[in-house]
Amino acid sequence: MIGGGKGAYIGNIHRLAARLDGQWHLVAGAFDVDPERGRDFALSQGLDPARSYGTYQELITGEAVRADRVDAVAICTPNFTHYPIAKALIEAGFDVICEKPLTATLADAVALDALAAHSGRFVGVTYTYCGYPMVHEARVRVARGELGAIRTVQVEYPLEWMATAIEQQGNAQAAWRTDPKMNGRGGSIGDIGTHAYHLAGFVTGLKLESLTADLATFVDGRALDDNAHVMMRYQGGARGLLWSSQVAIGNSNGVRLRVFGEKGSLQWFQEQPNDLVFTPLNGRVQLIKRGADDLSEDAKVRIRTPPGHPEGYLEAFANLYAGFAEAIRARQQGRAPGLLGQSVPLSHDGLKGVAFVEAVVDSHEANDQPWVTPVAV
């Protein structure tokens, strides 16, 4: 692991998720921009001092010559460092698991995706919400045609944690997320809007054709958006609406997806992740529970506990790690991956996410579709 040391929220999530199914062991790391602090953290995790590195360059050099070198490296650092670290790892022959967004700029995302394809290395991206079993169930039902042709998609990701200027009060996680040099051009749209965008496309299979966006910065002093509304047109005629916000008071992690077709609809809410609501045309609302006997195999393979024993965020994240392990192992063994490894988010999914953010910011800045004031106002 690179980054994700003391005080880093996402690093601990990666470590917990990786351990859950016994597919991964953390054996080496460069956990902090401060080498000594990083080494201290590595020792606190029980790592061999010889594999407790001060920098990612030292990790690459040290692991490259070992007979038991690491199988993959997880990148848990701020956005602007993803590209140079991932590029160096791929060029040194390592597989990569990268936090989203893939990179901070579109040019870097294009270059990294091309490098991954040319090298044959595995590059997975942690779009967490496609790890939930009921998200896979929704995806299967859309693909089966149970909703008919998709008409509209509504997806949202509201948070409240940055409703005040906490970045000015010593919150390191908020500080880099509000710095364009470290986070990239998109604020809320880059940090959480990319999750929503990926979720909508993952479930529906729809491909974006065009968009128009309205970004806002409600907290004084911020250089990036903390609220975004995006209207989307998909290939084939479907329409979409995406909302991401870091200032939506009352919302802890309110990811919600609603898909409406000509024959029915599906709704999924991340804070009740074990339920999927299906409503057929002229039919009764159906509550589909995780663990039901008639779920798809895509959902079942991602379930660990019996009905009534809730599974949530950590389990979804662990499904990504289990899928990454299966995909890497299948490549090593020269076989097709099993279900767990067939639909994991890869570098090209990361590229699409970065391209989405760039298009959103471009749309907002260009103001191609000016606001019209009704005559009666």
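## Charges over aromatic rings

A charge is taken to sit over a ring if NZ of Lys or CZ of Arg is within 6 Å of the ring centre and within 35 degrees of the ring normal. In this predicted model, arginine 256 lies over the face of phenylalanine 269, at 4.0 Å from the ring centre. Arginine 139 also has its charged end over a ring, that of phenylalanine 202, at 4.2 Å from the centre.

## The pair of tyrosine 129 and tyrosine 157

Across the whole structure, the search identifies 10 aromatic pairs. In one of them, the ring centres of tyrosine 129 and tyrosine 157 are 5.6 Å apart and the ring planes stand at 90 degrees, so the arrangement is edge-to-face. Tyrosine 129 belongs to the loop between β4 (123–125) and α6 (133–144), whereas tyrosine 157 belongs to strand β5 (residues 150–158); the pair therefore ties together parts that are 28 residues apart in sequence.

Tyrosine 129 is buried, at a relative accessible area of 4%, and tyrosine 157 is likewise buried, at 5%.

Tyrosine 313 is partly exposed, with 21% relative accessible area, whereas phenylalanine 317 is buried at 0%.

Tyr313 and Phe317 are members of one aromatic cluster, which they form with Trp24, Phe122, Tyr321 and Phe324.

Key:
Residues numbered from 1 in each chain as written. Predicted model: local features only at pLDDT ≥ 70, side-chain atom pairs only at ≥ 80, totals over all residues. Heavy atoms only, no water. Phe/Tyr/Trp six-rings, centres within 6.5 Å; stacked < 30°, edge-to-face > 60°. Helix = DSSP H or I, 4+ residues; strand = E, 2+ residues; numbered from the N terminus. Buried < 20%, exposed > 50% of the residue type's maximum accessible area, 1.4 Å probe, protein only.
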